[in-house]
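This report describes one protein chain, from its overall make-up down to single residues. Please keep the sequence and the structure in view while reading.

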Amino acid sequence: MRALLASSIGVTCAALLALPFALPDDGPADRRQLAGSQAADLPGGLPGATRSLPLIPLDRSAQRQDRAVSQPAQRGLRSRGVEPFSLVGVVWDDPRAVLEGRVQVRTRAAGTRAWSRWQDLDAHSADGADPGAAENRTHGSTAPLWVGASDGVEARVRPTGGALPAGLRLDLVDPGAEPPRGSSRAPAATLELPELTRAETEAEALAQPQTQAEAARGGARPHIGARPRIVLRKGWGADEKLKEKGNVYTKTIKAAFVHHSASGNGYSCSQSGSVLRSIYRYHVKSSGWRDFGYNFAVDKCGNVYEGRAGGVAKPVLGAHTLGFNSDSMGIAVLGTFSSTAPPAAAVNAVAKLTAWKLGLHGADPKGTTYLTSAGGNLHKKGTAVRLNVISGHRDGFATECPGGRLYQRLGTARWTAAHFQGR
C-alpha cells in the first residue's frame, strides 16, 4: 500500500541511531496535554476518536547548546500514558512531501504495564486520489498500524535523507466499541448481501453497458461469478457523518488493484470491524480523503467488506492507486504480506469478489487491459499502460504493495476467478 520511492531505496535499511529503549512512563494521560491535540469524537455521541500529539526534537541538549547537529534532527514522543486507542499513524502537513526516514512506535497494552517491541510504520505514501480528481489528500501520512487496545505510546522518527517534513504528529485512533446487537448499528453478521442465484446475478449484470455489448456481440451468456457475501458499511459500523456528502463514480471497471493494508497482522477476525473503522477514520480525518480509500476490504478469514460508499455493484471512484483510480477498483487485504504469506481464505475471497465485480463489466480476470495513467512515479500522465485485469498495486505505482508474498499469489487469484466465472 505504501510506495518505495527511488530516493529512499537502500537508505531505509540504515542502522537506527541508538535511543534508550525504555523511558520513564508518564503514567495516566493528562487531559490538559490532549486539549490541543485535535480530540475529535464522532458526532451524535457515537464512539470513536482521533487524537494528535506533536512529535518533538529528541536531541534537546544539542539545541540548548546551539551546537551544529551533523545529522538532521530526530523527532519523537517520550513514553507516556494516553487516552485509549487501537491504531496509530504519523501525519505531516504537506501531502506532496516525502518522509525519508524510519518511523517506529511501541505501545502499552491497555490496563497493563506490558510494552510491545518497537514496530515499524511504512513511511512512504502512494495511495490517494488521481491528480485533478474530485478529492485530494490534505496531509501526508504513513500507513496506519493496528496495535490493539492500548493506553501508552512512544514514538521515534529518524531521518535517512534530508530534513523531515513539517508538522509531524502522531495520530492515535480509537475505533469505538462494537455495535450492540439489536441496535440500528447491528453486528456484521446481520448486515450482509447474501449470495445471489446465477439467474439473479446475470439479471443484475444486464444493467451494465459493457456486459450488454459483449453478450450482443457473442450471443453468449455473460461470464459473471456469483456475488459473494459482502458485509455492508453499516455492518462494520461506518459512521456516514465522517465522509463527504455524495458519491463519485467512474465509467466502468476494467481492472482490479490488490493491496495489503500494511497495518499489521495482529488482529483477530472478530476485530475486523474495529480495524476497518480505524482505517476509515484515519483515511478521512488524518489523510484528508473524502471516504475510505479502497472499494472493498478482505480480512484474514476471507470475509469481504464494502469499503468506499456508493453501491457495491456500481463503478465507485476510489482513492487506492495513484494514477489509475479511473475505470478500476481497489481491494485491500487487511494485513502486511511482505514476508508473511496471505491466508488461502483471503486469496480465495479476492477471487470470488473479482469474479463477480469484474464480470459485471465484461472483464476476464486472467486477461489484460489498458488504462490511461493520470500521473505517478511509474507511468507518465497520459500513457496508455497494459495491465493485468487483476493487478497488484506495484504494477501501477513504484511500491512494495501488496507485499511480495501476496503479489506471488495473484496468479492463483486470476485463474480461480476465471474458474468462478465459468471460463
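This is a predicted model: local features need pLDDT of at least 70, side-chain atom pairs count only at pLDDT 80 or more; totals for chains, interfaces and linings use all residues.

**The chain as a whole**

The chain has 423 residues, of which 55% count as buried. It contains eight helices and 17 strands. Taking contacts between residues at least 6 apart in sequence, 78% join residues at least 24 apart.

In soluble globular proteins, nonpolar side chains tend to be buried together. The largest nonpolar core here has 31 residues, and F296, I331 and W356 touch the most other members. Elements that each supply at least two residues of this core are β11 (255-260), β12 (296-298), β14, α6 and α8 (410-420). The largest share, ten residues, comes from α6. Another core, of 22 residues, lies apart from it and includes W92, V103, A155 and L172.

**Strand β1 and its partner**

Strand β1 covers residues 49-54, and five of its six residues are buried. β1 pairs with strand β8 (residues 169-174) in the antiparallel sense, over six bridges.

**Helix α5**

Helix α5 runs over residues 272-286, 15 residues in total. From its first C-alpha to its last, α5 reaches 20 Å, close to the 21 Å expected at 1.5 Å a residue. Is α5 enclosed by the rest of the structure or open? 14 of its 15 residues are buried, so α5 is largely enclosed by the rest of the structure. After α5 comes G288, with a positive phi near 85°.

S141 lies in strand β6 (residues 140-141). Its relative accessibility is 1%; residues under 20% count as buried, so S141 is buried. The side chain of S141 makes a polar contact of 2.8 Å with the side chain of S287.

Q104 is part of strand β4 (residues 101-109). With a relative accessible area of 5%, Q104 is buried. A polar contact of 3.0 Å joins its side chain to the side chain of R156.

P343 is placed in the loop between β14 (328-333) and α6 (344-360). K300 is 43 residues from P343 in sequence, but the two C-alpha atoms are 6.0 Å apart in space.

| Residue | Relative accessibility | Class |
|---|---|---|
| S141 | 1% | buried |
| Q104 | 5% | buried |

Notes
Residues are numbered from 1 along each chain as its sequence is written. Side-chain values use heavy atoms; hydrogens and water are left out. Helices (H or I, at least four residues) and strands (E, at least two) are DSSP runs, numbered from the N terminus. Buried means under 20% relative accessible area, exposed over 50%, partly exposed in between (1.4 Å probe, protein chains only). Contact means heavy atoms within 4.5 Å. Two strands pair if DSSP finds at least two bridges between them. A polar contact is a pair of N or O atoms within 3.5 Å; within protein, one must be able to donate a hydrogen and the other to accept it, and residues adjacent in sequence count only if both atoms are side-chain atoms. A nonpolar core is a set of buried Ala, Val, Leu, Ile, Met, Phe, Trp, Tyr and Cys residues joined through side-chain atoms within 4.5 Å. The expected span of a helix is 1.5 Å times one less than its number of residues.
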